Amino acid sequence: MLLKVMLSFVLCYVIGVLTAFAEIPNHHIFYRQDKRAPLTKIEIVFLGAGSGAEQPSQIGLAGTGSKLIWESGKKHGHMDQLETLGTRLNTSTRSLYYTISFYGLSEHCAKSIKIVRDLIYNLELSESDLEQVKKLMVADIHNYLRRRTYSLMKNFALSQTKGIKKSGSLKTLKNLSIEDIKQYYDQLLKTDVVFFKVISNRDSTEIAKWLRPITEKRETGGFVHSLKFPTTAYSVGPSAFVFNSNRKNISCYWLIPCGSVGEEDYIPSMISRAFGQTDARGLIYKYFREELGLVYSTGSNYQAEENVRFLEIYADPQRHNSEELITKMSDLIRGLPDNPRFWAAIKALRESRNIAYAHAHEQLTLQRKLDNEVYRAIYNPPRRKGGSKSVTDAEVRAFLEKFFVPKNMIMIFVGPKDHIIDILKKHLPEVDIHVHDVKELIE
């Protein structure tokens with residue numbers, strides 16, 4: 001295995017980037033050299049052990065396990081040992097994986113790895129520690145509700161319509177037992193594929209030797225990587241989620257689900273850029289702000305939650321402009337195939353995007369390049385010769401006709417609920433309206 005790793009590094013050095021794998025080999029190392037400072041950052045990634053592996057009745061299990069590792073390390077002196085070596089440790093969870101990362105002086109990296117290994121393989125779990133972590137997580141969830149309310153609303157709407165899990169639940173957190181944590185942790189240690197992301201001034205072969213305490217004699221047979229996520233109910237049809245608020249400006253969001261993570265994403269990315277992301281050059285800003293004067297700001301993003309890809313459109317009309325804005329935005333989304341201004345924006349983007357993209361790629365940090373490389377290795381997304389220039393109008397039109405249709409539209413509104421409901425019933429009577437309290441987002 002070490003020989004394979006070393007050969008991979010040689011190839012990486014020669015051609016500058018590792019080949020994208022359909023599946024990442026166990027103990028593979030993704031590496032970038034940075035000689036500007038005597039520092040090393042290592043991420044240990046447990047592929048398949050993230051929140052996507054949780055059952056709906058165990059929402060928060062991976063996050064709780066992550067926090068327990070941190071608290072245990074602090075309680076039993078591991079953090080103090082790392083600090084004396086100039087090393088910081090962090091734990092995090094994503095849908096597909098769980099990560100333990102540490103960053104510090106390269107000269108002490110081998111010692112730091114042994115301390116981290118001792119922490120994760122000799123973890124002491126207790127009921128009292130679990131209860132303490134639960135209190136911390138309850139506080140985190142309430143803080144998140146105050147700071148990132150829309151993120152929870154978006155997750156809630158997708159959970160109700162596309163079957164993904166809620167990102168947080170006080171009820172399931174309360175019911176997690178120490179046995180649940182122990183079972184999760186046993187699977188974590190035996191995760192079938194564990195790989196590493198490394199940025200260091202040291203040679204890659206030296207790092208491979210440092211990592212032997214992690215890779216040697218490690219058992220497998222735990223979490224298995226899969227792009228399939230457990231789902232619940234799936235609702236088809238246009239839906240609107242309304243959250244009551246007395247704010248002057250009404251927050252309006254349109255979500256357009258458009259496939260799964262790992263599929264080709266040139267077209268939705270082009271559409272999002274044509275709409276305009278956070279600048280004033282996009283179609284939506286020019287039309288709704290500059291020409292009609294209906295909003296203060298607009299936005300468009302192409303993103304994903306769990307395995308669901310979607311385009312997101314945002315606008316914030318004042319109450320007296322909300323009826324016209326909601327109506328015309330819905331008309332614009334559904335009428336894109338026959339909108340000449342949209343096609344002009346796509347044409348301009350197709351002619352300029354490759355040059356802009358190439359320049360942006362050159363400016364990527366080493367960390368971003370490493371993250372992009374790992375993304376390609378996990379998902380192995382299709383890539384076109386010629387990039388966006390190879391996308392035809394016929395392909396864009398087919399995409400619009402498949403996804404930009406009323407039955408595929410999810411809306412989220414934050415404002416006076418009676419006013420919003422009246423607008424929807426008057427102009428979009430086919431929409432299934434759901435009225436919720438923000439407290440439901442974390443229950």
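Residues are numbered from 1 along each chain as its sequence is written, and side-chain values use heavy atoms, with hydrogens and water left out. In this predicted model, local features need pLDDT of at least 70 and side-chain atom pairs count only at pLDDT 80 or more, whereas totals for chains, interfaces and linings use all residues.

The protein chain contains 17 helices and eleven strands, taken as DSSP runs numbered from the N terminus (helices: H or I, at least four residues; strands: E, at least two). Of its 443 residues, 51% count as buried; buried denotes under 20% relative accessible area, exposed over 50%, and partly exposed the range in between (1.4 Å probe, protein chains only). Among contacts (heavy atoms within 4.5 Å) between residues at least 6 apart in sequence, 82% join residues at least 24 apart.

Axes here are lines fitted to C-alpha atoms, for helices over the stretch in contact, and angles run from 0 to 180 degrees between N-to-C directions. Within the sheet, strand E2 (residues 39-47) and strand E4 (residues 97-105) run antiparallel and are joined by nine bridges. Val45 has Thr99 in E4 as its bridge partner.

Helix H4 (residues 109-121) comprises 13 residues and reaches 18 Å from its first C-alpha to its last, close to the 18 Å expected at 1.5 Å a residue; the expected span is 1.5 Å times one less than the number of residues. Its buried residues are Cys109, Ser112, Ile113, Ile115, Val116, Leu119 and Ile120. Seen down the axis of H4, these residues fall within an arc of 165°, so they line one face of the helix; the arc is that of the directions from the helix axis to the C-beta atoms. The face turned away from the buried side carries the exposed residues Lys111 and Lys114.

A further open sheet consists of six strands in the order E8-E9-E7-E10-E6-E11, again with mixed pairing. Strand E8 (295-305) and strand E11 (432-436) stand at its edges with a single partner strand each, so one side of each is left without a neighbour in the sheet. On average, neighbouring strands of this sheet are turned by 15° against each other, direction ignored. Seven bridges pair strand E7 (residues 251-260) with strand E9 (residues 308-317) in the antiparallel sense, and Leu255 has Glu312 in E9 as its bridge partner. Helix H11 (residues 266-275) lies across E7, E8 and E9, running at about 170° to E8.

Positive phi values occur at His27, near 70°, and at Lys217, about 60°. His27 lies in the loop between helix H1 (2-15) and E1 and is buried, with a relative accessible area of 10%. Lys217, in the loop between helix H10 (212-215) and strand E6 (239-244), is exposed at 84% relative accessibility.

The structure holds zero disulfides, a disulfide being a pair of cysteine sulfur atoms within 2.5 Å. Cys109 is buried at 4% relative accessibility, and Cys258 is buried at 0%.

Notes
Pairing = 2+ DSSP bridges.
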